[in-house]
Amino acid sequence: MNGPAVPSPTDITPSANGMHVYADRGSLAVGRADSVTYVAPPRRAVFWPHQVGVIPRRARSFQHRAEAERLQTAVVGGGTAVLCQVLTGMGGVGKTQLAADYAHTVLGRGQTDVLVWVTAGTRPAIVAGYAQAGVELCQADPTDPEQAARTFLAWLTPKVGKRPCRWLIVLDDVAEPGDLLGLWPPDSQHGRTLVTTRRRDAALTGQGRRRIDVGLFTKVEAVAYLTAALAAHGRSESADQLTALAADLGLLPLALSQAAAYLIDTDVSCAAYRRQLADRANKLARLLPEPPTLPDDQAATVAAVWSLSVERADALRPAGLARPLLQLTAMLDSNGIPRTVLISEPALAHLTTHRTPHPDGGHEPEHATADDVDLALRALYRLSLIEHTPDTPHQAVRVHQLIQRATRDTLTPEHQDRLAHTAADALSAAWPGIERDTGLAQILRANTTALTGHAQDALYRPDAHAVLYRAGQSLGDSGQVIAAHDHFRYLAATTRLHLGPDHPDTLTARGNLASYRGEAGDAVGATTAFAELLKRMVQVLGPDHPHTRTTRHNLASWRGEAGDPVGAAAAFAELLNDQLKVLGPKHPDTLITRGNLASWKGIAGDPVGAATTTAELLDDQLKVLGPDHPHTLTTRGNLASWKGEAGDPVGAAAAFAELLGDRLKVLGPDHPDTLTARGNLARWKGVAGDAASAATTTAELLERMVQVLGPDHPHTLATRGNLASWKGEAGDAHGAAAAFAELRDDQLKVLGPDHPDTLMTRHNLAAWRGEAGDPVGAAAAFAELLGDRLKVLGPDHPDTLITRGNLASWKGIAGDPVGATTAFTKLLDDQLKVLGPDHPDTLITRGNLASWKGIAGDPVGATTAFTKLLDDQLKVLGPDHPDTLTSRDSLAYWQGKVGNGDSEAQ
């Protein structure tokens with residue numbers, strides 16, 4: 001049934017005050033739903049455009065943003081009108097301001113006839129807003145809000161043959177999607193609905209509704225806002241300070257607004273405010289204005305704006321977990337928290353214990369599960385308290401830094417300390433023993449760094465937490481040795497401060513610091529530091545304490561790295577005897593010492609003995625540790641290398657090929673040890689005679705290393721050096737020299753001038769410069785390098801002695817064979833004292849001296865020297881070693897010169 005007709009708006013003439021029109025009420029239904037009587041209310045004129053409700057004022061320093069453009073462009077692909085837009089985002093990002101700006105804009109442009117603004121925090125508030133519109137536009141009964149609201153919604157529905165009304169309904173701050181059940185405005189090509197909400201539930205979108213995610217200010221917008229807000233009160237600050245403050249506040253519009261008001265009200269400088277903000281003793285609420293002095297008619301401070309959202313999230317299934325989960329995330333990195341941390345056993349135990357009690361009491365809570373955590377994360381996400389991206393598990397959860405701070409501000413000191421330990425335990429539990437995934441390791445380190453800042457000294461009570469050491473070790477494993485050194489320097493200082501100089505944790509931190517001092521290039525300094533540490537450990541812990549033995553082990557290693565391989569071997573032999581007595585022959589530490597003893601014996605000049613001893617060790621490790629244990633795999637790599645050093649490069653290549661296959665299965669393709677095996681395989685292929693294949697393989701490896709480890713990782717840089725060498729060996733001496741020059745420049749930036757790797761690159765650059773046709777330049781470069789190696793390493797370091805040998809050779813090649821002979825004679829005397837007569841380097845120098853004697857005009861002397869050298873090489877290296885074969889060829893050559901009566905080499 002239809003009520004009496006209402007005069008058409010087209011029949012009305014303009015009044016003196018503007019367009020005087022009648023609202024098209026349609027039909028007004030009253031009574032029960034199954035027995036409806038339609039009564040036409042009395043006709044009453046209203047003016048269009050008509051506004052119901054109060055639109056918030058634009059902020060005084062309102063920033064035009066990209067989201068505003070999206071609102072104005074209310075169409076989707078194909079030109080279809082968007083009937084409903086939902087602005088969603090965390091509290092404080094400016095959703096209401098964007099909606100208000102849109103409403104003011106469409107009113108100002110005459111683009112709407114009726115605008116209704118509803119503060120939609122509850123269902124009764126929505127009904128009341130609709131009812132007010134029903135009363136003003138449809139003469140609905142104000143005593144029956146529900147009926148008046150239905151009347152208004154019915155009025156919005158387009159009527160055939162009636163002049164259309166262009167309307168905009170803004171539902172601001174919808175708290176529960178269910179509050180809109182039955183209250184969504186109808187679809188109309190002439191009507192638009194705009195919703196602002198923190199919720200991101202599926203119920204709010206679909207059915208022609210487009211979601212617009214409102215984010216933070218950009219840096220430019222944030223600085224522009226602060227500049228304008230301060231300028232309005234005659235204040236100015238430097239762009240650098242404002243940029244830094246914007247970053248401190250996480251680019252959150254509400255926080256920027258309230259911080260600007262605080263600066264103005266208190267007349268403090270931006271720099272002073274930032275210092276107060278950085279002081280964790282200051283709660284966030286103390287650094288913001290309080291109601292009713294908040295700017296732009298704001299109702300709550302940043303510190304309080306999220307409290308209701310937390311309560312609502314905590315009420316969603318699984319009830320009671322959202323709040324303690326948010327508290328846990330507040331201790332970690334705002335930029336990304338791995339799911340594995342939040343579902344670790346320590347995290348689940350904490351959530352079970354601290355689950356928010358049900359208001360009605362009840363039974364003990366069930367143990368929280370990983371599925372519960374996922375649901376609780378979604379609850380926090382639906383309330384825009386976190387960002388949750390399950391498809392990126394390493395950074396599955398992001399939390400704005402101010403939400404984190406506001407959450408921590410609600411905790412008692414005791415609760416925050418417990419949370420710090422829980423977060424540290426969770427990180428430790430989630431940290432893989434073998435870091436196959438370098439991306440995950442980086443995220444875990446970032447979370448540890450964030451935790452240490454939030455926890456302050458809690459992680460040093462009662463002892464230093466293990467995660468502090470794990471983060472530093474991870475830095476070292478990733479090749480960031482300088483960063484690892486700095487990490488442990490800080491940790492050694494803080495453990496000393498909190499626990500005292502003789503606490504085991506302090507001593508452990510000192511040991512790690514010494515190790516990374518050596519890894520960063522200062523082997524001599526590492527040796528000195530370990531010697532000092534060992535004395536203290538013997539006094540504090542005793543000679544048989546595991547930490548004392550570990551320190552002896554490290555001291556021996558760095559003694560060798562500092563240039564004393566014989567001393568290192570002797571120290572490992574002594575340590576092995578003590579470990580056999582205390583630990584027994586099968587203890588993993590004993591096996592490690594056996595491996596190190598074998599290696600230093602080989603470096604000290606006995607590669608054959610090293611290969612034999614390493615083979616025996618491998619048999620025992622296979623029995624004790626099994627074939628897939630990392631130590632077993634390491635020993636296999638050492639055995640392959642010593643096979644090559646002992647004269648069997650083909651066997652070394654074959655062994656590394658087999659090892660590589662197993663490392664791929666056990667460690668994965670991107671583990672550093674797997675990449676090292678690939679590099680060693682390429683090396684021994686090249687030594688075995690296939691330089692071109694070695695260059696190709698190394699180039700492929702380098703590409704992967706850059707992706708996995710980064711361009712500045714020491715292993716990546718070392719691989720670049722290997723590639724340059726194999727380019728040269730394959731016939732491109734000029735290309736090798738150019739590549740080494742480029743590498744040197746990069747190592748100077750990354751590692752510094754005194755790092756052993758930088759010095760080695762300079763060595764190789766000088767050599768390939770000579771091979772490329774500039775022996776004089778090569779000799780000059782080696783002379784300069786020798787001065788630096790004497791300064792950094794000392795006169796007896798093997799690398800210093802090698803540099804002397806190369807300098808002597810290039811002097812001879814540059815035209816001074818007599819000078820070369822003299823230099824090699826002096827070098828041999830020193831090597832005999834330092835390395836001994838059977839060391840491979842000593843034998844090489846004897847060969848070079850013999851050759852230069854012949855070149856200098858003494859073929860008889862050369863023949864005599866090679867005859868003696870060959871006898872010794874047969875005893876030390878065996879008949880098939882490449883150096884032995886080279887000496888046999890040289891002896892034949894010089895014997896031929898003597899037989900021909902040549903007085904000097906041609």
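Author: Let's start with a term: a nonpolar core is a set of buried Ala, Val, Leu, Ile, Met, Phe, Trp, Tyr and Cys residues joined through side-chain atoms within 4.5 Å. Buried means under 20% relative accessible area (1.4 Å probe, protein chains only). Keep in mind that this is a predicted model, where local features need pLDDT of at least 70, side-chain atom pairs count only at pLDDT 80 or more, and totals for chains use all residues. Residues are numbered from 1 along each chain, and side-chain values use heavy atoms, without hydrogens or water.

Reader: OK, which residues have the most contacts inside the largest nonpolar core?

Author: In soluble globular proteins, nonpolar side chains tend to be buried together. Here the largest core holds 111 residues, and Tyr273, Val302, Trp306, Leu342 and Leu451 have the most contacts inside it. There's also a second, separate core of 29 residues, with Ala133, Leu137, Leu156 and Trp184 among them.

Reader: What is tryptophan 306 in contact with, leaving aside its neighbours within four places in sequence?

Author: Contact means heavy atoms within 4.5 Å. On that basis, Trp306 touches Met90, Gly91, Arg198, Leu252, Leu385, Leu402, Ile403 and Ala406.

Reader: How much of the chain is buried?

Author: Buried residues are 51% of the 906.

Reader: And what radius of gyration does the chain have?

Author: That's taken over C-alpha atoms, and the globule rule is 2.2 Å times the number of residues to the power 0.38. The chain has 39 Å, whereas a compact globule of 906 residues would be near 29 Å. Along the principal axes, its C-alpha atoms fill a box of roughly 135 × 60 × 55 Å.

Key: Buried < 20%, exposed > 50% of the residue type's maximum accessible area, 1.4 Å probe, protein only.
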